[in-house]
Amino acid sequence: MAFDVDLFVIGAGSGGVRAARFAADFGARVAVAESRYLGGTCVNVGCVPKKLLVYGAHYHEDFEQAQGFGWTTGQPSFDWPALIANKNREIERLNGIYRKLLVNSGVTLYEGHAKLHDAHTVEVNGQRLRAAHILIATGGWPMVPDIPGKEHAITSNEAFFLPALPRRVLVVGGGYIAVEFASIFNGLGAQTTQAYRGELFLRGFDQSVREHLRAELTKKGVALRFNADVARIDKQADGSLRATLKDGGIIDTDCVFYATGRRPMLDNLGLENTQVKLDDKGFIAVDDAYCTSEPSVLAIGDVIGRVPLTPVALAEGMAVARRLFRPEAYRKVDYQLIPTAVFSLPNIGTVGLTTEQAQAAGHRLKLFESRFRPMKLSLTGSQEQTLMKLIVDADTDKVLGCHMVGPDAGEIMQGIAVALKAGATKQVFDETIGIHPTAAEEFVTLRTPLA
Ligand SMILES: Cc1cc2nc3c(=O)[nH]c(=O)nc-3n(C[C@H](O)[C@H](O)[C@H](O)COP(=O)(O)OP(=O)(O)OC[C@H]3O[C@@H](n4cnc5c(N)ncnc54)[C@H](O)[C@@H]3O)c2cc1C
């Protein structure tokens, strides 16, 4: 059977671009379709613009703290349209880099919505192309629950393009995107409330981390409302919004930002023309090698709902390219010990098991914890505290998990993740000489376990 291409990738996001580029480098004839923006969620409405806004938000504290070091900063003022315009310019630059990466690798780019016509045919811009393999890398999309007034709510997609910074913001949700945006809005000067229907945000993170962040966000002025479920949103005569909680409570605000989960992006994808099946949560079901139930169709990244993070989508894209076109270099993606950061203010960095997971797995534990005021804050009025925690198997001495809340936690945790991947014991941590004076050295000087 004659095919136009060896691989057709639907979606030029993190996973799709990686798979397309490397498949082409390995000699395959590759096409990729992108309907919205090159680089996908991460570059356009995810990791990158989010981190830029977090940097922007942190300046608020930096100006205040600079005074402790002798600087006179005057009354700083903040210009949201300037930040957004500069952010947009940077994203356009990155879009251009992604275009070049694809074109220079010899990938044919179709800018348009792609739909599966059958198990080997993709339709894009009115054209049908036959492919030996089709890779679905269409990512995810934010979900807002079906409540009255949901049309008044925005999500991360819109937040990056708001014309003005709202005076008051209600962030709804308890996941990492919610706490990050609560930190962004609060840091930039909006009066910020975060409402979450559970007992405490960041389910799945270590309890000490969750409690520590609760205390720190509260100190910084975020009004945290737990066990608070929004029932409806009403627009008021003056244009402001009123969120009514299920318990009757009321929150008046100017912007309601929802971060309550993401669904797989399957809109008008034509899956019904294939044998591709979904799992019980609605994501595309794949096996260990990212094959769907249709032999010629594969899927990676957020659309399979495994670990929705950019580096994971990249690793999956690489695995697909290698298995299909450079099998001698193929290695399965290792989902153990994936480090992550939450870019709240302060940041969270984490790798390995939480205390709760380690206990549930039957480990006998030694826990090491340190809380301190970072040196950089010693000359300032800030009362921010850093938390560092090591979870150690008391029988094998192996470090099972490492967690931090504090400045640069993500940067620090990347190195610790290498140690944990290598199977480091607490003794290895103890024998490692610290770098002084840093916050990170605390991880190699924790001596006394919690009672
Ligand atoms: C606010 C936010 C912050 C985040 N922060 C981080 C972070 O700090 N660190 C981290 O690791 N991850 C972060 N993520 C997650 C990360 O962005 C995703 O895990 C990652 O982008 C997934 O890559 P992907 O290739 O699966 O899909 P995506 O990057 O979403 O790419 C999918 C692409 O497919 C295109 N597409 C969809 N349907 C079609 C179609 N039918 N035809 C053609 N094109 C189509 C879309 O337009 C999109 O460009 C964040 C996500 C969000 C929303």
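**A covered strand and its surroundings**

Author: Of the chain's 451 residues, 50% count as buried, where buried means under 20% relative accessible area, exposed over 50%, and partly exposed in between (1.4 Å probe, protein chains only). Before we zoom in: this is a predicted model, where local features need pLDDT of at least 70 and side-chain atom pairs count only at pLDDT 80 or more, while totals for chains, interfaces and linings use all residues. Residues are numbered from 1 along each chain as its sequence is written, and side-chain values use heavy atoms, with hydrogens and water left out.

Let's go to strand β2, which covers residues 30-34. Strands here are DSSP runs of E with at least two residues, helices are runs of H or I with at least four, and both are numbered from the N terminus. β2 is mostly covered, with 5 of its 5 residues buried. Look at where the side chains go: V30, V32 and E34 point one way, A31 and A33 point the other way, and all are buried.

Now for the partner. β2 pairs with strand β1 (residues 5-10) in the parallel sense, over 4 bridges; two strands pair if DSSP finds at least two bridges between them.

A299 lies in β17, residues 297-299, and A299 counts as buried because its relative accessibility is 0%. Skipping neighbours within four places in sequence, A299 is in contact (heavy atoms within 4.5 Å) with L135, I136, I284, V286, Y290, T292 and I304.

Helices have covered residues too. S156 sits in helix α5, residues 156-159, and S156 is buried, with a relative accessible area of 7%. Leaving out residues up to four places away in sequence, S156 touches V45, P142, F181, F257, Y258 and R262.

Stepping back, the chain has 11 helices and 22 strands in total. Among the contacts with a separation of 6 or more, 62% link residues 24 or more positions apart. As for size, the C-alpha trace spans about 70 × 65 × 45 Å along its principal axes.
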